[in-house]
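Open the structure in your viewer and keep the selection panel at hand. The stops below go from the whole chain to the ligand site.

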Amino acid sequence: MKSDPSDTKKLADTINPLENGLDRAKLPSHVAIIMDGNGRWAQKKLLNRVMGHEKGADTVRMVVRSCREIGISFLTLYAFSTENWQRPKTEVAALMSLLKKFLVSERQEMVVNNIRFNVIGERERLPQAVQDEIQRTRDATKTNTGMCLSLALSYGGRAELVKAVKEVAASVRDGRLSLDAITPETVARHLYTSDMPDPELLIRTSGEMRISNFLLWQIAYAEIYVTNTLWPDFSREELIQILKDYQGRDRRFGRV
Ligand code: IPE
Ligand code: IPE
Ligand code: MG
């Protein structure tokens, strides 16, 4: 990850919407990505898994830039799950240190490119140094309006739903909410994503046909695209090709 400030490019002025062949009127407003395959990428090259995560961080930077340029309003990236805490201590530590480095090196680019930074997940479980960098990045970007970038960190869909259920139950117990007033909107308001639309498009890299506890509630009607490409090999060209595929789909929402 480069931290040289001269590398910080202002992207907004260089966008050419006609270049990529996408229909701007039919872009998903929210794209969510399960970034998988860093370990296998490294393994294939006989490298340490951590090298795969390092290369994966470069892909994150590229995808953030690309989505901003294309005009996506919300980008949510699954970076660390509640289950990932069960990985070897050394790998968890390397991921946390990489995350901290990323937050520091990308902060200025987010500021310059009008990107608002957000985290979904159990922030309080992250190392204090990471929490501090998250707070700094959130503060530095909080008035930005170009794109909302959310990293899912120590995120689990079930834990998120349990948190929501507890909050709603407490409102009922305290007489602030009646049982009959609970609707899907009530639940949605208590999720980490309360200020976002649901993702219209969910991408998973590295071929696994599963959700792995990501955004369980929010992806009820998301279009799913699984690519065999390993995350470190994922490219801007493939992202655009997936967006084109999405634009060709017939979203019926149960209707005929
Ligand atoms: C995704 O890559 C990154 C995280 C889950 C942190 P993996 O580390 O899961 O890579 P594979 O699935 O082992 O190849
Ligand atoms: C999902 O990948 C979590 C993230 C991408 C952060 P995993 O590699 O942890 O998922 P499984 O174990 O293949 O389901
Ligand atoms: Mg994996």
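The tour gives one selection per stop and says what is there.

**Stop 1: the whole chain.** Colour by confidence before anything else, since this is a predicted model. The protein chain has an average pLDDT of 94, and 93% of the residues reach at least 70.

**Stop 2: residues 1-6.** Select this stretch next; its pLDDT is below 50. Leaving aside near neighbours in sequence, residues 1-6 make 11 contacts in the model.

**Stop 3: ligand 1 and its pocket.** Centre the view on ligand 1. The space that ligand 1 takes up is the largest pocket.

**Stop 4: the shell.** Select M35, D36, G37, N38, G39, R40, R49, H53, A79, N84, R87 and L95, the residues around ligand 1.

**Stop 5: polar contacts.** Draw distances from the oxygen atoms of ligand 1.

- R40: a polar backbone atom is 2.7 Å from an oxygen atom of the ligand.
- G37: a backbone N or O atom lies 3.3 Å from an oxygen atom of ligand 1.
- R87: here a polar side-chain atom is 2.7 Å from an oxygen atom of ligand 1.

**Stop 6: the ligand surface.** Finish with the accessible surface of ligand 1. Taken alone, ligand 1 exposes 370 Å², and the protein buries 87% of that area.

Methods:
Residues numbered from 1 in each chain as written. Chains lettered and ligands numbered in written order. Predicted model: local features only at pLDDT ≥ 70, side-chain atom pairs only at ≥ 80, totals over all residues. Heavy atoms only, no water. pLDDT = per-residue confidence, 0-100. Contact = heavy atoms within 4.5 Å. Near = heavy atom within 4 Å. Polar contact = N/O pair within 3.5 Å; in protein donor to acceptor, adjacent residues only side chain to side chain. Areas by Shrake-Rupley, 256 points an atom, 1.4 Å probe, with all protein chains shown as cover. 1 Å grid on protein atoms, 1.4 Å probe; cavity = no way out; pocket = protein on both sides within 12 Å on 5 of 7 lines; lining within 4 Å. Sits in = over half its atoms within 2 Å of the grid points.
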